[in-house]
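Take a look at the chain below before reading on. The paragraphs after it walk through a few of its parts.

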Amino acid sequence: MAGRRVLITGAGSYVGSSLAARLEREPWVDAVFAVDTRPPKLTLERTEVIDADIRSPVLARVLPQVRCDTVVHNQIVRQPGPNMSPRKMHEINVIGTLQLLTACEKAETVRAIVIRGSAGIYGAEPGAPQFFKEEASRLYPPRTRFQRDVAEIENYFDAFARRRPAVVCTMLRYQPAIGPSVETQFTRYLSLPVVPTYLGFDPRLQFVHEDDAVAALVAAVRKPVRGAVNVAGPGTIGLTRLLRLVGKPSMPLPGPLFAAVTDQLARLGLVTFSEDFRRLLRYGRAVDITRLRRDLGFEPRYSTEAAVREFAATREGMSLLPPLRRVLEAVS
């Protein structure tokens, strides 16, 4: 499809803003529309910014007006926080997705939908395969609210794809992003002066560098494929080695004390340890990226370890206060 017209939800996030900036520079893109209630984090030159909440029916009016052929659904919330309760997170994820699909049903020009989903759908399990392939999303039952949200979102898009076979739906299942600009549960966790870990566990982890996270979306917009595609940097890294690379001392804690310490960190507004994040820190997760390379034609620039090393180089000396010692005193 030449002369593309792309609409991006969640354009106020770092990834959404960066995607809009990248697409502006592509000669095969005619127009970019950025939808969010937050302003873009970057200065955009030829993107039309639309102030709209995807939970409202306003998108059903917007999509036919802008006549976009590609929709990038980037507004899936991955973690609760001070301004994001679990209930609001669920509403944005599920109600927002339903409103977006309703709008796409009414927009005759839409030919492709690219979803920035989550590898969290696989969960984090003690007996998991070494690398999850895309067909393994139902290998384990959903154990957290976010997993249930992601499964529900994927079910909605699967049903939409069956109803509208002319529309190509690409579900990108992202591992956690890391880099100098993004702020996630993991980057805040790694910014603590002393990092709590589960005693007796050294999980295998996998990341996608923030630049590759955006570039994979660009590749999917340019060449959408049907179905799910895992997105991550090649390789994995153990949590112990990761902490050594970023120069952070760890504090191994037994399960009950780990919960008490991390709950206190959340109350202090430092790091929110969602149920998914706790399980990831205990059991880890890795995904197979064969389809990313073969079908999407995308090769990540950064391996998991290279992404961690760049994060370490750019964040050197940065930490969140107060020190963990004060947190331990508060829960003792």
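Residues are numbered from 1 along each chain as its sequence is written, and side-chain values use heavy atoms, with hydrogens and water left out.

Start with confidence. pLDDT is the predictor's confidence in each residue, from 0 to 100. The chain has a mean pLDDT of 91, and 93% of its residues reach 70 or more. Residues 319–332 have a pLDDT below 50. In the model this stretch has 30 contacts beyond near neighbours in sequence (contact means heavy atoms within 4.5 Å). Where pLDDT is low, the predicted coordinates should not be read in detail.

Now the helices. Helices (H or I, at least four residues) and strands (E, at least two) are DSSP runs, numbered from the N terminus. Buried means under 20% relative accessible area, exposed over 50%, and partly exposed in between, with a 1.4 Å probe and protein chains only.

Begin at α2, residues 59–66. Its buried residues are Leu59, Ala60, Val62, Leu63 and Val66. They lie on the same side of α2, because they cover an arc of only 160° around the axis. The arc is that of the directions from the helix axis to the C-beta atoms. What covers these buried residues includes β1 (4–9), β2 (29–36), β3 (47–51), β4 and α3. Arg61 and Gln65 are exposed, on the face of α2 turned away from its buried side.

Which residue comes just after α2 with a positive phi? Arg67 does, at about 55°. Most residues other than glycine have a negative phi. Arg67 sits in the loop between α2 and β4 (70–73). Its relative accessibility is 52%, so Arg67 counts as exposed. Leaving out residues up to four places away in sequence, Arg67 touches Arg5 and Thr109. Glu108 is 41 residues from Arg67 along the chain, yet their C-alpha atoms are 8.2 Å apart.

Move on to α3 (residues 86–106), which packs against α4 (residues 145–163). The angle between the two is about 5°, with their axes 10 Å apart. That makes α3 roughly parallel to α4. Axes are lines fitted to C-alpha atoms, for helices over the stretch in contact, and angles run from 0 to 180 degrees between N-to-C directions. Angles under 35 degrees count as roughly parallel, over 145 as roughly antiparallel, 65 to 115 as roughly perpendicular and the rest as oblique. Residues of α3 that meet α4 include Met89, Val94, Leu98 and Cys104. On the α4 side, Phe146, Ile153, Tyr156 and Phe160 are among them.

Further along is α9, residues 275–283. Phe277, Arg278, Leu280 and Leu281 are its buried residues. Their arc around the axis is only 160°, which puts them on the same side of α9. Their cover includes α5 (185–190), β8 (195–198), β9 (204–205), α7 (239–245) and α8 (255–267). Gly284 follows α9, with a positive phi near 75°.

Finally, the cysteines. How many disulfides does the structure hold? There are 0, a disulfide being a pair of cysteine sulfur atoms within 2.5 Å. Cys68 is in no disulfide, and the nearest cysteine sulfur, that of Cys104, is 7.0 Å away. Cys68 counts as buried, at 0% relative accessibility. For Cys169, the closest cysteine sulfur is in Cys104, 8.1 Å away and too far for a bond. Cys169 is buried, with a relative accessible area of 9%.

Definitions and conventions
This is a predicted model: local features need pLDDT of at least 70, side-chain atom pairs count only at pLDDT 80 or more; totals for chains, interfaces and linings use all residues.
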